[in-house]
Amino acid sequence: MKYIALIYSNQALEPKYGTPEFAEYMQGYKTCNETYAADGVLLGGEALRSADVATTIRVRNGKTESMDGPFVETKEQLGGYYLLDCPDLDTAIRYASMIPTAKFGSVEIRPIADVSGLV
Amino acid sequence: MATPPASAPARHEIAAIARQDWGRLVASLIRLVGDFQLAEDCLQDALESALRHWTRDGIPANPPGWLLQTARRKAIDRIRRSRNFERKSEEYARLIELDHDDQANHSMPEIPDERLALIFTCCHPALDPKSRIALTLRTLGGLTTSEIARSFLDRETAMAQRLVRAQRKIREAAIPFAVPEPSQWSDRLQSVLGVLYLIFSEGYAASEGDDRLRHDLCNEAIRLATILDRLKPDEPEVEGLLALMLLHNSRKAARIGRDGVPVALEDQQRDLWDQQAIINGIALVSRALRKGSPGPYQLQAAISAIHAEAPSHDETGWQEIVLLYDQLYSHQPNPVVLLNRAVALSYSSGAGAALASLEEIDDNLQDYQPYHAARADFLARAGRSHEALAAYDKAIGLSQNRHDRLFLENRKRKLQAG
């Protein structure tokens, strides 16, 4: 079973670069990467640049419209993700609970849909 | 094998037999077919088949064995016909093998008890709290969707959708059908106990004119907790919860007056309390506390036990109750616990002491009706009638239902009459 852990946070609450808290925060992510890899559950994961450099596009009547920024204005924004291979939701919750951003932001765990038969 | 029908059983008799074993049957089917929805559908098919056969041939010697065997065959049919046959091929092979064994031995299947895993799945915190309740009553308790909807004053279609959605989430998010591992045990157990207590409270809150089914929720919660206690006999909080529900329920006949208005504990006719329930409840909570790890349910049960043992309101062990509330507060730092403590304190140390202790929790409970009701009572007993009347008005204004309002208005009238 594949799950994506979508990591949301309010940037204002994130530890600032250069502080001891930031170093600890990064260490937390390093622990995640190492544990996931060692346990064989890591399929992928990336951090994202902040939403203010995002571009949202929509295709309407065959025309691509692009817009600056995120589509919806919210305090919490998507900041990164992990793609994990776990036997069940309890295991996925256990691994996702290690993500340091979960302490002040939130992590949404979504099962990956198998659409191989449909495409 | 079936006994000849001396008198054919009625539909409701068959439904009652099925309900008795429903949770156990569903649980073992889920283990076999790996799917909540499929397990339920097959058992439902088996029940319909039972209605046809049993009304004609009489009730078989081993009704749950009959239902499980039939449900397994229905599962074989359903899997064979389904689009996802390949995905279920392992389960299919196993079902065929089991059915052959039964036929070779001319025996009915044994029903393994997988209900503990089922309870934890139904009460998984990844499900919406109301869905946990509905799923537990449906899957473990064997209540029909329509019964659950009526019990919770909900529309049947809404309840059916809720159940379907919960089952879909279990399947698609792969919520495991398993007893949680030790690191998750205590959180997950809290969720299970919370669900059972909410079911009980919903029944306890039912008022006089309500559907019988709503009142039955108390008995259903007690039945489910009894099952849980049997499956997990070394868990003191399970015993605590069961004791708490038994002790609350022992006052059932005394807590609502003939006019439908709640009767305060001090005014209840104690000879209406169910003595057998009290004896059982006290034995359970004592056994739990001897294990030396008190938790919120054990402590609340202990408080309820002191009330149950008291010959009268005045002769209640109020000081002991105050100490238990202190202990409860260390587990559940919640202002409502402090409010209840203040009530006990008003009887052990006087209304003045209680009013002083209210000062410390003042901020958090301004919109909470019981806070103003308790304060009004303390003020009245301290001889500050004028302030007491104002506090009663405040409480009456915050009342959520007619019965609470009538109760408070009675109190206020008594005070005015002096």
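Student: Among contacts in chain A between residues at least 6 apart in sequence, what share joins residues at least 24 apart?

Tutor: Please keep in mind throughout that this is a predicted model. The contacts to be counted in chain A are those between residues at least 6 apart in sequence, and from these we pick the ones whose partners are at least 24 apart. The share that they make up is 72%.

Student: Which elements does chain A have, and in what order do they run from the N terminus?

Tutor: Chain A has 2 helices and 6 strands, and its C-alpha atoms fill a box of roughly 45 × 45 × 20 Å along the principal axes. Reading from the N terminus on, the order of these elements is β-α-β-β-β-β-α-β.

Student: What is the order of the strands in the open sheet of chain A?

Tutor: This open sheet has 4 strands, with antiparallel pairing, and on average its neighbouring strands are turned by 20 degrees against each other, direction ignored. The edge strands, each pairing on one side only, are β2 (42-47) and β6 (106-111) of chain A. Going across the sheet, the order is therefore β2-β5-β1-β6.

Student: How many of the 6 residues of β2(A) are buried?

Tutor: In chain A, which has 119 residues, buried residues make up 13%. To count as buried, a residue needs 20 or more other C-beta atoms within 10 Å of its own. The strand β2(A) is hardly covered, and its count of buried residues is 0.

Student: At what angle to β6(A) does helix α2 of chain A run?

Tutor: Helix α2 of chain A, residues 89-96, lies across β1 (2-9), β5 and β6 of that chain. Its angle to β6(A) is about 150 degrees.

Student: Is N61(A) buried or exposed?

Tutor: Most residues other than glycine have a negative phi. N61(A), although not a glycine, has a positive phi of about 50 degrees, and it is found in the loop between β3 (55-60) and β4 (63-68) of chain A. Because it has 5 C-beta neighbours inside 10 Å, N61(A) counts as exposed.

Student: Which element supplies the largest share of the largest nonpolar core?

Tutor: This core has 125 residues, and those with the most contacts inside it include L29(B), L43(B) and A221(B). Leaving aside neighbours within four places in sequence, L29(B) is in contact with A39(B), C42(B), L43(B) and A71(B). The largest share, 10 residues, comes from helix α1 (residues 11-33) of chain B.

Student: Which element gives the most to the side of domain 1 of chain B that touches domain 2 of chain B?

Tutor: In the domain assignment of chain B, domain 1 covers 11-105 and domain 2 covers 114-232, and their centres are 22 Å apart, taken over C-alpha atoms. The contact takes 13 residues from domain 1 and 12 residues from domain 2, and by class the domain 1 side has 6 nonpolar, 3 polar and 4 charged residues. Both α1 and α2 (36-57) of chain B supply at least two residues of that side, but the most, 10 residues, comes from α1(B).

Student: How many residues does the contact between the chains take from chain B and from chain A?

Tutor: The side of chain B that touches chain A divides into 6 nonpolar, 1 polar and 1 charged residues. Counting both sides, the contact takes 8 residues from chain B and, from chain A, 5 residues.

Conventions
Residues numbered from 1 in each chain as written. Chains lettered and ligands numbered in written order. Predicted model: local features only at pLDDT ≥ 70, side-chain atom pairs only at ≥ 80, totals over all residues. Core = buried A, V, L, I, M, F, W, Y, C linked by C-beta atoms within 7 Å. Buried ≥ 20, exposed ≤ 12 C-beta atoms within 10 Å, placed from the backbone. Contact = placed C-beta atoms within 7 Å. Nonpolar A, V, L, I, M, F, W, Y, C, P; charged D, E, K, R; others polar. Domains from an automatic or database assignment. Pairing = 2+ DSSP bridges. Axes fitted to C-alpha atoms, helices over the stretch in contact; angles between N-to-C directions.
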